[in-house]
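Welcome to a short tour of one protein chain. Please take a look at the sequence and the 3D view first, and then read on for the main points.

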Amino acid sequence: MRMQLKSGFTLIELLVVMAIIGTLLTIATPRYFRSVDKSKEAVLRQNLESTREALDKYFGDNGRYPDRLADLVEKKYLRSLPYDPVAESNDAWLIMPPDSSEKGGVYDIKSGATGNALDGSGYRDW
């Protein structure tokens, strides 16, 4: 009598492979999303820093702050309006005016994003 060999995987082998893949995904997925959040926060901090620096340069050159954020772009202090990656918009900024309206309209900007950062601080407090 001749025995016929069948090639292929058994159901148990497939279930073991699926369990291993599932375990790896449960470990990797939270780390992935945390790294995405960390990178968004880093970009937000950098955009705030560069915009505040541009506001200071504008004030140094003109003796007053710009009336609106777009003035920084029009006068070439910034290439484009800064993007808030947490709020996912470039027009969700909270504009902080100077103490006197004679000094212009934009003294500082803060993120318009709601919620807290990974370190527990609020985005609007940056």
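The protein chain has a radius of gyration of 26 Å, whereas a compact globule of 126 residues would come out near 14 Å. Please keep in mind that this is a predicted model. Along the principal axes, the C-alpha atoms fill a box of roughly 100 × 30 × 20 Å.

**The chain as a whole**

- Two helices and two strands make up the secondary structure of the protein chain.
- Starting at the N terminus, the order of these elements is α-α-β-β.
- Of the 126 residues in the protein chain, 25% are buried.
- The protein chain has an accessible surface of about 9300 Å², and carbon and sulfur atoms account for 56% of that surface.
- If you take the contacts between residues at least 6 apart in sequence, 48% of them join residues at least 24 apart.

**Helix α1**

- Helix α1 covers residues 11-62, which is 52 residues.
- From its first C-alpha to its last, helix α1 reaches 75 Å, close to the 76 Å expected at 1.5 Å a residue.
- Where is the kink in α1? Look at Ala28, shortly before the proline Pro30, where the helix has a kink of about 25°.
- The buried residues of α1 are Glu41, Leu44, Asn47, Leu48, Thr51, Ala54, Leu55 and Tyr58.
- An α-helix has 3.6 residues a turn, so residues three or four places apart point the same way.
- What do the buried residues of α1 pack against? Their partners are α2 and β2.
- After α1 comes Gly63, with a positive phi near 75°.

**Asp71 in helix α2**

- Asp71 sits in helix α2, which spans residues 70-74.
- Is Asp71 buried or exposed? Asp71 counts as buried because its relative accessible area is 11%, and the cut-off for buried is under 20%.
- The side chain of Asp71 reaches the backbone nitrogen of Asp67, at a distance of 3.3 Å.

- Most residues other than glycine have a negative phi.
- Lys76 is not a glycine, yet it has a positive phi of about 65°.
- You can find Lys76 in the loop between α2 and β1, with β1 at residues 94-96.
- Lys76 is exposed, because its relative accessible area of 72% is over 50%.
- Glu88 also belongs to the loop between α2 and β1.
- The phi of Glu88 is positive, about 55°, although Glu88 is not a glycine.
- With a relative accessible area of 54%, Glu88 is exposed.

**Thr114, after strand β2**

- Thr114 lies in the segment after β2, the strand at residues 108-110.
- At 62% relative accessibility, Thr114 is exposed.
- Which residues does Thr114 touch, leaving aside its neighbours within four places in sequence? Thr114 is in contact with Tyr123 and Arg124.
- Thr114 and Gln4 are 110 residues apart along the chain, and their C-alpha atoms are separated by 66 Å.

How values were computed
Residues numbered from 1 in each chain as written. Predicted model: local features only at pLDDT ≥ 70, side-chain atom pairs only at ≥ 80, totals over all residues. Heavy atoms only, no water. Helix = DSSP H or I, 4+ residues; strand = E, 2+ residues; numbered from the N terminus. Buried < 20%, exposed > 50% of the residue type's maximum accessible area, 1.4 Å probe, protein only. Polar contact = N/O pair within 3.5 Å; in protein donor to acceptor, adjacent residues only side chain to side chain. Contact = heavy atoms within 4.5 Å. Expected span 1.5 Å × (residues − 1). Bend = angle between axes of the 7 residues up to and from the residue. Rg over C-alpha atoms; globule rule 2.2 N^0.38 Å. Areas by Shrake-Rupley, 256 points an atom, 1.4 Å probe, with all protein chains shown as cover.
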